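Q: Hey, I've just opened this one up and could use a quick tour. Can you walk me through it?

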Amino acid sequence: MRYVMHPSGAYDIELETKKLKMFIYKPNTSESSGDQGIRAIPILNPVDVHVLMAAMSGPVPAMAIKCKMQPAELFFSYQDYKLIMTIVEALKLAQQPPPNTDTPSTSLTSSTSSTSSSMGSSAGSLGSTTTLTPPTDVAIVVAAVPVEVINREQLTYECSSFHITLINDLHGRNTPFAEIRTSDLKASVRGWSSSLQVSSSMVLTMDYFNNAIMVYEPW
């Protein structure tokens, strides 16, 4: 990692990782092993990632981020999907505010009757003394964001190839199900704080695994 601060207030950050790996931890269910702990399963083959960010502060801030990744291969199973959804649900529950038990109880019958009577009297007075008029037309003007403002924030991503292998691990099986391959993947995001613009391009192919002949075939 490299960090450079310039006298003008601008700064550069460069981050480079070599042979980045990703694991998912699952309970050890092997009967032959006496270990009842957890086991690490690799889901991302080693890959190199290079990220470069240049930012300029001041009255007209600007930021440019470039990310380049070497060919990567990711393995994903149904159990991985279930684990991710469990984590997401737990995070949602953690973000919910606790119930408020300190609010004193009130009489629902009396409050409802008083509200109904007040609404009825208000409606009667409104009908007798107020004349409703249709709203006037309101012109809505949307200001165009200049191109030079949008170009102050840029994020680009490049990857020569990215493979995702879907694994069928239901009922004790562990066989490939399908493979998704992308090549020449390029993505660009600009102006995320003013006028978001997103563009991407890639070559996408999908194959399914034929268990009968043990080969991948096109869909």
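Q: Which elements each supply at least two residues of the lining of the largest pocket?
A: Those are β2 (11-27), β3, β5 and α1 (78-95). This is a predicted model, where local features need pLDDT of at least 70, side-chain atom pairs count only at pLDDT 80 or more, and totals for chains, interfaces and linings use all residues. Residues are numbered from 1 along each chain, and side-chain values use heavy atoms, without hydrogens and water.

Q: And which one gives the largest share of that lining?
A: That's α1, with five residues.

Q: What's the volume of the largest pocket?
A: About 490 Å³. Of its 21 lining residues, K26, I41, S77, Q79 and D169 are the closest to the centre.

Q: What's the lining like by class?
A: Nine nonpolar, six polar and six charged residues.

Q: New topic: how many salt bridges are there?
A: Four in the whole structure, a salt bridge being a side-chain nitrogen of Lys or Arg within 4 Å of a carboxyl oxygen of Asp or Glu. One of them pairs E14 with R2 at 2.9 Å, N to O. E14 sits in strand β2 and R2 in strand β1 (residues 2-5), so the pair ties together parts twelve residues apart in sequence.

Q: What about R181, which residue does it bridge to?
A: D207, with the closest N and O atoms 2.9 Å apart. R181 is in strand β7 (residues 175-190) and D207 in strand β8 (residues 197-210), so parts 26 residues apart in sequence are tied together. E179 joins R181 and D207 in a network of salt bridges.

Technical notes:
1 Å grid on protein atoms, 1.4 Å probe; cavity = no way out; pocket = protein on both sides within 12 Å on 5 of 7 lines; lining within 4 Å. Points joined across faces, edges and corners; volume = space filled by probe spheres on them. Helix = DSSP H or I, 4+ residues; strand = E, 2+ residues; numbered from the N terminus. Nonpolar A, V, L, I, M, F, W, Y, C, P; charged D, E, K, R; others polar.
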